Amino acid sequence: MERLSAEDRLILWPDEVWPQDIGALGVLDGSSLLDSDGRFRIEAAKHAIEGRLHLLRRFRQVLYVPRRGLGGPLWVDAPAFDLSDHVRVERLHAPADEAELLRAVARLRRRRLDRSRPLWEIWFLTGQPADRIGMFVRLHHVVADGTAGVAELGALLDAAPSSATAPAHPWAPEPWPSARALLLDNIQRQIAKPRRALRGLRHPAAILHRARAAMPAVRELLAEKPGPRTSLNRVIGQDRTLALVRSSLELVNEVAHTHDAKVNDVLLALIAGGLRGLLRSRGEPIEGVILPTYVPVSLRRGRSGQEAGNLISQMVVPLPLGIADPGRRLGQIAVETAKRKAIGRPSLGTMFRSRLVRGAMLKLIIRQRVNVVSADLPGPQTPLYFAGAQRIELFPLVNLIGTESLGVGALSYAGQFNVMAVADADAYPDIDVFAESARDDLRALVKSTARVRGWRSSP
């Protein structure tokens, strides 16, 4: 019986107000997927996906929430499954530019996933120049975190450009557990809780050690100085606006190495540069402004991304917007993240397990005024193919919640470093200003890196 973990249940908590979907936007060379009249070969795409569904168990399962007394939510096989409910085509007005592609993604994201079906969709977006096709994959965050999501997307792709598709594996849904089985399972789990607690009491020193180790992370989330009051600090709505920033992973690695930083630090520095330019364009003060940002921390500890679900914690990193020089700003961010990475991170699901604790912590977190979340995801470094069509680019789409009005995700793919900013449409009608300011900062970092490397290599 596959009950949801504490981390997965935490993802479901805000879903009624702010849908917790994540996803990825890929761009395919679609010449092999279009008929002579330019129509997308949807059946070929379905066959390619159907041949991989045995690798993606959650793609044929639904989330079942039993009645009170029968335990928490669990995964069960969908009684009926129709691939046409999940794989669709959206024709854009040709020739569709990047702005229209992003508007289409934002529009499709606004549609809620149907809880009576498996919680995923793939949209093929046609009408772009040069036979390019957008491939927008989205799934509910309860299915996977970012690392697992990248692994699940990879299961649909090939390392070689063969158009041959694997035959579909036979599948029949397993029957759902009875009310009696759910009740017995719930009773056994409830009995096990005090047993685990009693076993823990036999080792009080270990419990005390874990509690002390977790305290710095708890203080970081709940008791640090609140972020400044800015126009970014607002409860988000349902609409989103998107922007892309492209770079080379080699350049980003060089920038990071030159400044004794990590790739994730470079992403945070770009976010800081983008926000600095945005707030300045709005006439808001930036001198001395330090903006806290949520950065997810994986708890997989070497476990495969193929293990679905959520295994993450969170740290808060202050971004010094008041530092004008991009290199100095990156250096300070690198020092701060190194210090915070050394702190032990408890599971968010464990911290927020109790409903009363969740409510109290939510109030404290909102008071912290953290309005930005980031995610840096490693991806495959060789080109991948879908049904024989090469994936040219790949960008991650992160979720937002509460007062997090901006999410910036980066994904490395085939030598690229691709960034997508997703923002609350009301808070960021000028998202392009953020993106252009981030690009300017990256150009400045690359230029200064080349200058420093030239000095180091000169006789």
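These legends go with a set of close-up views of a predicted model.

**View 1. Helix α3, checked for length and burial.** Helix α3 covers residues 98-110, which makes 13 residues in the helix. How far apart should its ends be? At 1.5 Å a residue the helix should span 18 Å, and its end C-alpha atoms sit 19 Å apart, so the two agree. Now look at the side chains: Leu 101, Leu 102, Ala 104, Val 105, Ala 106, Leu 108 and Arg 109 are buried.

**View 2. A cis peptide bond at Pro 95.** Zoom in on the link between Ala 94 and Pro 95 and you'll find a cis peptide bond, with omega at about -5 degrees. Where does the proline sit? Pro 95 is in the loop between β5 (87-91) and α3.

**View 3. Asp 260, a non-glycine with positive phi.** The backbone does something worth a look here: Asp 260 isn't a glycine, yet its phi is positive, near 55 degrees. The residue belongs to the loop between α7 (249-258) and α8 (263-281). Is Asp 260 buried or exposed? Its relative accessibility is 71%, so Asp 260 counts as exposed.

**View 4. Ala 387, another positive phi.** Phi of Ala 387 is about 50 degrees, again positive in a residue that is not a glycine. This one is in the loop between β12 (385-386) and β13 (389-397). With a relative accessibility of 12%, Ala 387 falls under the 20% cut-off, so it counts as buried.

View 5. Pick out Ile 191 and you're in helix α5, residues 179-201. Ile 191 has 41% relative accessibility, so it counts as partly exposed.

**View 6. Arg 57 and Glu 2, a salt bridge across the chain.** A search of the whole structure turns up 24 salt bridges, and this view shows the one between Arg 57 and Glu 2. Their closest N and O atoms are 2.8 Å apart. The pair ties together distant parts of the chain, 55 residues apart: Arg 57 comes from the loop between α2 (42-50) and β3 (61-64), while Glu 2 comes from strand β1 (residues 2-3). How open is each partner? Arg 57 has a relative accessible area of 51%, so it is exposed, whereas Glu 2, at 25%, counts as partly exposed.

**View 7. Asp 114 and Arg 117, paired by a salt bridge.** Side chains of opposite charge can pair when their charged atoms come close. Here the closest N and O atoms of Asp 114 and Arg 117 are 3.8 Å apart, and the two form a salt bridge. Asp 114 is partly exposed, with a relative accessible area of 35%. Arg 117 comes in at 29% and also counts as partly exposed.

**View 8. A salt-bridge network around Glu 436.** Which residues take part in the network? Glu 436, Arg 439, Asp 440 and Arg 443 are linked by salt bridges. One of the contacts to look for joins the side chains of Glu 436 and Arg 443, at 2.9 Å from N to O. Glu 436 has 35% relative accessibility and counts as partly exposed. Arg 443 is partly exposed too, with a relative accessible area of 46%.

Technical notes:
Residues numbered from 1 in each chain as written. Predicted model: local features only at pLDDT ≥ 70, side-chain atom pairs only at ≥ 80, totals over all residues. Heavy atoms only, no water. Helix = DSSP H or I, 4+ residues; strand = E, 2+ residues; numbered from the N terminus. Expected span 1.5 Å × (residues − 1). Buried < 20%, exposed > 50% of the residue type's maximum accessible area, 1.4 Å probe, protein only. Salt bridge = Lys/Arg side-chain N within 4 Å of Asp/Glu carboxyl O.
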